[in-house]
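Biologist: I am new to reading models like this one. Please take me through some features, with the general idea and then the case here.

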Amino acid sequence: HHKDGIEMAKMAVDKGESKEIKDMAKKIVKDQTKELEQLQNWREKHFSSAPKSESMPPKMDMTSLENAKGKEFDQKFADMMKQHHKEGVK
């Protein structure tokens with residue numbers, strides 16, 4: 001889940017049009033990278049001998065985001081990141 005968010009946010013840093021989108025994307029990359037590392041370290045510390053879970057959510061289709069530019073990119077990024085976070089809360 002976080003890997004998808006980081007991937008989308010890195011695209012937004014490069015392709016986003018508005019400063020707000022770029023700034024938010026930089027924060028997402030920083031925060032979710034840190035959270036992912038913390039979760040990986042915590043799992044290794046407490047559950048290193050347990051088998052890894054096979055029940056991961058499906059990878060997001062980012063084709064429309066990859067093909068978008070300018071304001072269209074910013075709008076798609078906002079919509080997709082909103083959905084991404086809704087799924088994370090579930």
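**Salt bridges, core and helix packing**

Modeller: Start with Lys19 and Asp23: they are four residues apart in helix 2, so about one helical turn separates them. Helices are DSSP runs (H or I, at least four residues), numbered from the N terminus. The model is predicted, so local features need pLDDT of at least 70 and side-chain atom pairs 80 or more, while totals for chains, interfaces and linings use all residues. Residues are numbered from 1 along each chain as its sequence is written, and side-chain values use heavy atoms, without hydrogens or water.

Biologist: In what do the side chains of Lys19 and Asp23 meet?

Modeller: In a salt bridge (a Lys or Arg side-chain nitrogen within 4 Å of an Asp or Glu carboxyl oxygen). For Lys19 and Asp23 the N to O distance is 2.5 Å. Lys19 is exposed, at 58% relative accessibility. Asp23 is partly exposed, at 33%. The cut-offs are: buried under 20%, exposed over 50%, partly exposed in between (1.4 Å probe, protein chains only).

Biologist: With which residue does Asp31 form a salt bridge?

Modeller: With Lys27, and the closest N and O atoms are 2.4 Å apart. Asp31 and Lys27 also sit four residues apart in helix 2, so about one helical turn separates them. Asp31 is partly exposed, with 26% relative accessibility.

Biologist: How many salt bridges does a search of the whole structure find?

Modeller: Four. One of them joins the side chains of Lys59 and Asp4, 3.2 Å from N to O. This pair links distant parts of the chain, 55 residues apart. Lys59 is in the loop between helix 2 and helix 3 (63-67), and Asp4 is in helix 1. Lys59 is exposed at 54%, whereas Asp4 is buried at 10%.

Biologist: Which residues are linked with Lys59 in a network of salt bridges?

Modeller: Asp4 and Glu7.

Biologist: Now the core. Which residues in the largest nonpolar core touch the most other members?

Modeller: A nonpolar core is a set of buried Ala, Val, Leu, Ile, Met, Phe, Trp, Tyr and Cys residues, joined through side-chain atoms within 4.5 Å. The largest here has 15 residues, and Met8, Ala12, Leu65, Phe73 and Phe77 touch the most other members. Helix 1 (2-15), helix 2 and helix 4 each give two or more residues to this core.

Biologist: Is Phe73 buried or exposed?

Modeller: Buried, with a relative accessible area of 0%. Phe73 lies in helix 4. Contact means heavy atoms within 4.5 Å. Leaving aside neighbours within four places in sequence, Phe73 contacts Met11, Ala12, Lys15, Gly16, Leu65 and Ala68. Phe73 and Lys15 are 58 residues apart along the chain, yet 7.2 Å separates their C-alpha atoms. With residues up to four places away not counted, Leu65 touches Met8, Met11, Lys15, Phe73, Lys76, Phe77 and Met80.

Biologist: At what angle do the axes of helix 2 and helix 4 cross?

Modeller: Axes are lines fitted to C-alpha atoms, for helices over the stretch in contact, with angles from 0 to 180 degrees between N-to-C directions. Helix 2 (residues 19-47) and helix 4 (residues 70-89) cross at roughly 35 degrees, and their axes come within 11 Å. Helix 2 brings Ile21, Ala25, Ile28 and Gln32 to the contact. Helix 4 brings Asp74, Phe77, Met81, His84 and His85.

Biologist: Which residues does His84 touch?

Modeller: Not counting residues up to four places away in sequence, His84 touches His1, Asp4, Gly5, Met8, Gln32 and Met60. His84 is buried, at 3% relative accessibility.
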